[in-house]
Structures are given as C-alpha cells and as structure tokens.
Amino acid sequence: MAIVILLVFSVGAMQSCTRIDAGHEGILVKLYGTGKGVQDVSLVTGRVWFNPLTEEVYQFPNFIQTRDYEPFTVNAKDGSVFTVDPTISFYVVPGKSPHIFKKYRKPIDEIAQTTLLNYVKDAFRIQLNQYSTEEIISKRQQFETEVQSTLDKALQTDGFKLEQMTSGLVYPEEIVRAVNLKNRAVQQAMQVENELKVAEAQARKKIVEAEAEARANELRQRTLTPLLIQQQFIEKWDGKTPLYGNSPTFFKNVQ
C-alpha cells in the first residue's frame, strides 16, 4: 500500500501546471519519445497540465506587434540607390503557433529579427527592381502598396499576418538636389510672373490715369471761354487794384 501511495505521489509530483497568458497561444512540445515534436493542436488560453520531464509548454503572443528595423539600401531598376527604413506591424494567425514553432524552433522575437526581416528586404528588393527612379517618385503610393502586398503574402505562408507597413523610403541625394533645384526654379518663375502681373497692372493704371487727365484737360479747354475766365476772376477778386500790370476790364466802354 505504501508503494502505491508513493507511486501516485511521484506521478503527481511530475505533473506541472502553467497558465497561458491572455493574448497568447500555448503549444505543447514533447521532448522525448515517438511523439517528439509539436502536437497537432494548439492549447487555448487557460490552465495547462504537463510533465516537465518529457514535455514543455511555450507561449506565442498573438496580439499585434511592431518592429522598427534598421535602414538598408536597395537598387532601383536603373541603378539608383534608395534607402529603406521600414516599420511593420504583424501578428500570429490564430492556430498557427505550432506550425511556426515546428518550422523555426525559435521565439517570436528572434524570428522577427531574422526571418521576418529577410522577408521585408526581399519584398522591397523585388518591387524596387521593377521601377525606375522617376517611376518610384511619380508612383510612390502604388510602389508601397505592391511592397506591402508582396510582404503580406510571404508572411502568411509562415503563419503571420501583416497589419501595417511604412517604408521610410529615402531618395538618393542627387535626386533630392534635383527636386530642390526644380522647385526653386518653379518658385522663381512664379515670382517673376507675379512681378510682371503687378507691373502690367501698374502700367494699365498709369495709362488710365493719363487718358483721364487728357480728357479732363480737353474738356476744360472747351469750357474755358474768355467770359468764363473773367467771371472766375471776379469771383476771386478781393476788390483791390493790382499794384502792377494791367487791371482787368470789367465793363466795356460803349463811347
């Protein structure tokens, strides 16, 4: 009887329990025997009993994770060198943790820094090699969409899903200089055009003012008769006799 109790106690002692954290997927790995390897089923979130001598439990996060990779360079179709500074957000497809662990035997962090980074580089290399420098500049949105699609397909083959990607694409220095020169030339041309418009407007204004002055002078010449001039003099005369010169004649001598 004591032997049976001791045996039951020993078996029980060999059993361990762990809890799969929320946002994770647990997998049970057999370390020995014919069943060695990852079981065909995933362990759901909750409490898991296992034998620590022959089995091991791993947890794979299935929430969205973000990786900001170091910049690297890729050549365009015409040989121009572009710098890529990518950031991706991804997650493990539910139920794919056993497949991922069986293939790589590594934790997610290590897979993300090695295999996933290679997928990112390949996606940019494949797509960038199909575009010329001018096409990348004029069709950047299309280019990045195709890179994201290529990367997503590659990740899904391994049980990952791409949530978001930013390329951080940096143009070659000579392209940046050329674009800056072009923008400066356009700005200068616009400035000259605006100055010409101002000059034309000022010239038209002077012409209008000159034409108006000429018409006013012409009108005054037609209306300034001798009688009108004499009347204006009388209206402004203070009644004093001028000290020099001829006095105006107010009344005509009829004798």
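How do H4 and H6 lie to each other? Point 4 below has the reply; here is a friendly walk through the model.

1. This is a predicted model, in which local features need pLDDT of at least 70 and side-chain atom pairs count only at pLDDT 80 or more, while totals for chains, interfaces and linings use all residues. Residues are numbered from 1 along each chain as its sequence is written, and side-chain values use heavy atoms, with hydrogens and water left out.

2. The chain's secondary structure comes to eight helices and 10 strands; these are DSSP runs numbered from the N terminus, helices being H or I of at least four residues and strands E of at least two. Of the 255 residues in the chain, 26% are buried (under 20% relative accessible area, with exposed over 50% and partly exposed in between, for a 1.4 Å probe and protein chains only). Among contacts (heavy atoms within 4.5 Å) with a separation of 6 or more, 68% are between residues 24 or more positions apart.

3. Next, an open sheet: three strands in the order S6-S9-S10, with antiparallel pairing (two strands pair if DSSP finds at least two bridges between them). Strand S6 (65-68) and strand S10 (160-166) each have a single partner strand, so one side of each is left without a neighbour in the sheet. From one strand to the next, the twist averages 25 degrees. Strand S9 (residues 87-92) is joined to S10 by six bridges, and Phe 90 has Leu 162 as its bridge partner in S10. Helix H6 (residues 140-156) packs on this sheet, touching S9 and S10, and its direction makes about 160 degrees with that of S10 (axes are lines fitted to C-alpha atoms, for helices over the stretch in contact, and angles run from 0 to 180 degrees between N-to-C directions).

4. Back to the opening question: the axes of helix H4 (residues 115-128) and H6 come within 9 Å and cross at roughly 140 degrees. H4 and H6 are therefore oblique to each other, since angles under 35 degrees count as roughly parallel, over 145 as roughly antiparallel, 65 to 115 as roughly perpendicular and the rest as oblique. The residues making the contact include Leu 116, Tyr 119 and Phe 124 of H4, and Phe 143, Val 147 and Leu 151 of H6.

5. Finally, look at strand S2 (residues 24-30), where six of the seven residues are buried. Seven bridges join S2 to strand S5 (residues 55-61), and the two run antiparallel. Within this pair, Ile 27 stands opposite Tyr 58 in S5.
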